[in-house]
Amino acid sequence: MKKIKQYFIPALIIIMAVALAVTMFSTLIYQYKRSREDLVELSSQQAGIVLHTVIVGIQTTSGIRKRLHNENIETNTVIKVLKEYGTGALIQKFEKPGSIYYIVCQDEKQIIAATKGVKELNSIWSDIFLSDAFSKEEMSHRILPGKKYHFETVCPFRINGKKYLLRVCFKIESIRTLEIHLIRRLTLQGSVFVFIIIILVLYFINIHSNRLLAREHDKMMAEVERIQQQLRQQERTAAMSQLAVGIAHEIRNPLNAIQILTQRMEREIEPGEAYKQKFTQFTRIIREEIKRLNEIIKQFNDFSLAKQPKFKECNPVNITKDIVLLESGVAQQKNIRIKFIENKNPVSIKADSYLLKQALVNVIKNAIEATPGHGEIIISVSQNNKQTDFIVEDNGAGMTEDELEKAFDLYFSTKDHGTGLGLAITRRIIDQHNGEIIIQSREAKGTIVTIRIPNRRKNESIGN
Ligand code: ADP
Ligand code: MG
């Protein structure tokens, strides 16, 4: 709809410009045709006058010749008079430089008289137009075949019962002038029109490309910002992971010693009856804390000594089911129900199942930790032929906007005993799978975490 609106005005303007141009051109051509018809009409009238004058002249001289003959006037004298006033002389008198191209008087066999310069003309019976006019005995007009500006009028007439044909041809130079004018005006108006259209088109192309450029610029800037943030994050992560692996290494040995000593204390020291209960309680707490510290060291190591994924064909539903089983025990202790919506016929995917399980454990653990007793966690796997979504939904504490923004930051934790490593590790695993992790969360309402990974590796099609 927006696109239609965007192109509507330029399209309307161009349509209007084209309509205007078509109207202008048709008016010009119509005017030209009218003027041409007027000119032809005028010259046919002129031709008619010339033809009738010549015919009257010829008929008169023919009468005079007959009379002189009847009066028995000497032949030489007759020839002399006719030379001066006969048909030939009469026709020659019309020959003016300019509009009359030729005047010819002919009978069925030959040319009787003609203006100068006419040597050969088609005979009456070899030309349909001429023969037609000759037999019908009526005046006719035509544009001379093969010529553009030569207009011929023919008129048959009789003298003493014999038929003749008088032809007059005008060269209408004004039509040429008219055409030159028309071409000039068409060229001029056409160029103005084309120029306007080009300007309009350029204008709209400019507006359009500016819009595209602005959009591309915004996209690029967003991409640059994203990459910069990623780089900053990677730098921070690298520095922190070095620190983490160092600390984990340093802690491990004293922790082992504490663990061994605690076990020995429990085995070898027999406290007096008065201290027995306290002794057992303290050693239990020490064992629990050692376990927690070991867990932290494991997380540090998991994070710092990141494994390269080994991609293998695996079933996403089976992976999720294993983790649900694993975590159900912890959930039950808190009276939390984990509901797994199992989908039939899952599509197999190419992933590192060990790492994927690690990612899912981290997310599900967070959900359990955020959910109060008697809460519920819903886990599902949703697939299409391109990607797989692992969705973990809880109705627990949720996150504030600030927490959501920092959730993936290394060591960010809102928990008393949290390490802030879980989501950072998860994100790295998902990155290694070219996937993404999306968290939607509302404070006091709950959280939905979606782990989305492509079913296939890049450049790999189904069946590979
Ligand atoms: P940790 O679990 O050690 O705190 P994580 O990286 O796993 O570290 O999580 C970081 C923080 O993100 C948590 O401390 C918590 O504030 C928040 N968070 C993660 N998952 C959830 C969840 N499902 N509900 C509420 N807050 C969560
Ligand atoms: Mg966690």
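Modeller: Before we start, the domain bounds here come from an automatic or database domain assignment. This is also a predicted model.

Biologist: Fine. How is the protein chain divided?

Modeller: The chain splits into domain 1 (2-171), domain 2 (210-305) and domain 3 (308-464).

Biologist: And what separates the centres of domain 1 and domain 3?

Modeller: Taken over C-alpha atoms, those two centres are 101 Å apart.

Biologist: On to ligand 1. How many residues surround it, and which are the closest?

Modeller: The shell has 23 residues, with Asn-366, Ala-370, Ser-413, Gly-418 and Gly-422 the closest. Two or more residues each come from α8 (353-370) and α10 (422-432).

Biologist: Which element gives the most to that shell?

Modeller: That is α8, with 4 residues.

Biologist: How do the shell residues divide into nonpolar, polar and charged?

Modeller: Around ligand 1 there are 11 polar, 9 nonpolar and 3 charged residues.

Biologist: Switching topic: what about the largest nonpolar core?

Modeller: It contains 38 residues, and Val-363, Ile-377 and Val-392 have the most contacts inside it. Helix α8 turns up again, giving the most to this core with 9 residues.

Biologist: Where does this core lie relative to the domains?

Modeller: Domain 2 (210-305) and domain 3 (308-464) both give residues to it, so it lies between them.

Biologist: Back to Ile-377. What does that residue touch?

Modeller: Leaving out residues up to four places away in sequence, Ile-377 touches Ala-331, Ile-336, Ile-338, Ala-367, Ile-368, Thr-371, Val-392, Glu-393 and Asp-394.

Biologist: What does the second core include?

Modeller: That one is separate and has 26 residues, among them Leu-90, Val-154, Leu-166 and Ile-175.

Methods:
Residues numbered from 1 in each chain as written. Chains lettered and ligands numbered in written order. Predicted model: local features only at pLDDT ≥ 70, side-chain atom pairs only at ≥ 80, totals over all residues. Near = placed C-beta within 6 Å. Nonpolar A, V, L, I, M, F, W, Y, C, P; charged D, E, K, R; others polar. Core = buried A, V, L, I, M, F, W, Y, C linked by C-beta atoms within 7 Å. Buried ≥ 20, exposed ≤ 12 C-beta atoms within 10 Å, placed from the backbone. Contact = placed C-beta atoms within 7 Å.
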